[in-house]
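Colleague: Please take one part of this model and go through it closely, with the cut-offs behind each term. Then place it in its wider setting.

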Number of protein chains: 2
Amino acid sequence: MSDATPLNLNVKALFFDVFGTLVDWRGGVAREAEALLAPLGYRLDWPAFADAWRGEYQTGMEEVRSGRIAFAKLDLIHRRNLDRILPRFGLGGAPEAALGELNLAWRRLDAWPDVAAGLGALREAFLIAPVSNGNISLLVALARRNGFPFDAILGAEIACAYKPAPEVYLSAAAALDLPPSACLMVAAHSDDLAAAAACGLRTAHIARPLEFGPGGKGERAPEIQTDFVAADISDLARRLGATE
Amino acid sequence: MSDATPLNLNVKALFFDVFGTLVDWRGGVAREAEALLAPLGYRLDWPAFADAWRGEYQTGMEEVRSGRIAFAKLDLIHRRNLDRILPRFGLGGAPEAALGELNLAWRRLDAWPDVAAGLGALREAFLIAPVSNGNISLLVALARRNGFPFDAILGAEIACAYKPAPEVYLSAAAALDLPPSACLMVAAHSDDLAAAAACGLRTAHIARPLEFGPGGKGERAPEIQTDFVAADISDLARRLGATE
């Protein structure tokens with residue numbers, strides 16, 4: 001792991017994973033689920049419910065990646081995943097209106113505390129965009145809620161494919177007329193960074209030890225070699241020479 | 001032409017044409033062309049050169065719309081159009097490096113003076129995005145240069161089609177999960193607005209009498225019925241009840 005300077009790397013754009021890297025999906029989904037379902041009389045282990053829903057994430061996207069179903073926005077994948085776990089939590093009889101609203105919980109997630117300031121600093125020196133599996137409308141909502149000053153919304157919906165498919169990373173670089181080597185993928189997940197690196201992008205790992213809750217499997221350090229290793233987004237800004 | 005209130009219209013998102021409506025392409029292209037070519041000894045009628053280049057705009061895009069060539073970014077269309085007019089201006093021998101740089105003039109255009117403040121006000125009440133024939137990288141550059149606080153970059157490159165093709169307007173609405181009737185197309189060109197209205201979008205006309213220079217064919221008023229008629233973007237913000 002080498003901390004080269006951004007000038008040496010000739011990086012022009014930073015691409016951000018969103019769920020887990022920029023926003024706390026576990027805390028937000030648990031909070032939104034409780035706010036919607038507790039008034040209806042449901043008593044659940046809310047963080048466990050969030051974990052279970054997120055636990056279906058790869059399965060749901062794999063249906064698209066394998067070609068079993070056509071590309072569909074992550075909102076729709078989230079809904080299919082939600083329906084899959086309802087019986088497990090005794091939610092089979094929950095009203096459709098509440099479930100439809102619950103599915104929008106992913107638009108109401110809060111950023112980790114370092115993110116807004118860190119992105120603001122990074123934007124002074126680089127183009128910044130999400131390269132997430134989230135759909136455009138979902139990411140627009142998260143950006144508005146949390147003050148993320150993105151230059152554009154890139155990622156899965158533009159590519160009609162889900163990470164770690166190469167076309168997601170490559171279409172984002174192409175949209176900005178940049179070679180992959182001028183793009184830096186920023187994520188708290190080593191598998192995302194490995195896929196980006198395989199496409200020729202530069203990589204930065206962000207530690208998110210609390211992504212899956214205290215004592216959970218949130219990555220404290222990368223499991224692969226990356227160009228940068230940062231404690232959080234503000235730390236990344238410092239390492240890239242972007243001052244706040 | 002009725003000035004209904006935005007609440008009555010239930011408008012959630014505003015889509016903006018860019019060239020002519022938000023930025024002064026004629027003045028900017030003339031300025032950039034002179035800055036690049038005058039030092040090489042060329043003496044041209046710079047505004048006439050800008051007019052001629054823009055004059056090839058529809059021809060260039062029609063090659064895509066007709067299916068004669070595959071969808072290509074507007075940058076490439078601009079370059080084909082530039083090559084087409086070079087002999088007319090005695091530029092056949094201009095160095096390739098200068099022409100490549102000149103083609104980026106479209107990323108260095110200045111906004112009309114009302115735009116940045118108007119968009120800032122509108123963003124308080126609506127989602128805002130360009131729905132332009134410009135490619136993503138070009139629009140990101142214009143947004144950065146002029147401080148346009150767009151939520152996302154929508155338009156031709158997302159749709160892989162050029163306005164006035166219906167899929168450009170419809171794909172923009174779909175990206176935000178909105179019905180066309182919840183989207184308001186804002187443009188200084190009646191043909192753009194007519195195409196948007198045919199897709200079910202609401203429409204707002206912006207007067208840009210100077211788009212083609214003093215005494216030129218810039219539209220002072222819409223040639224079709226529109227939902228809103230505004231003198232500029234700040235005036236539109238006032239009409240929609242968005243305060244600056």
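Modeller: Helices here are DSSP runs of H or I with at least four residues, strands are runs of E with at least two, and both are numbered from the N terminus. The model is predicted, so local features need pLDDT of at least 70 and side-chain atom pairs count only at pLDDT 80 or more, while totals for chains, interfaces and linings use all residues. Residues are numbered from 1 along each chain as its sequence is written, and chains are lettered from A and ligands numbered from 1 in the order in which they are written.

The part I take is helix H4 of chain B, residues 57-65, in which Gly60(B), Met61(B) and Val64(B) are buried. Buried means that 20 or more other C-beta atoms lie within 10 Å of the residue's own; exposed means 12 or fewer, partly exposed is in between, and C-beta atoms are placed from the backbone. Seen down the axis of H4(B), the buried residues fall within an arc of 90°, so they line one face of the helix; the arc is that of the directions from the helix axis to the C-beta atoms. An α-helix has 3.6 residues a turn, so residues three or four places apart point the same way. The face turned away from the buried side of H4(B) carries the exposed residues Gln58(B) and Thr59(B). Just after H4(B), Gly67(B) has a positive phi of about 85°.

The cover over the buried residues of H4(B) includes helix H5 (74-85) of chain B.

Chain B superposes on chain A by a rotation of 180° with 0.0 Å of shift along the axis (RMSD 0.0 Å), fitted by least squares on C-alpha atoms of residues with pLDDT of at least 70 in both. That is the relation of a two-fold axis. The same surface serves both copies, as 100% of chain B's contact residues recur in chain A.

Methods:
Contact = placed C-beta atoms within 7 Å.
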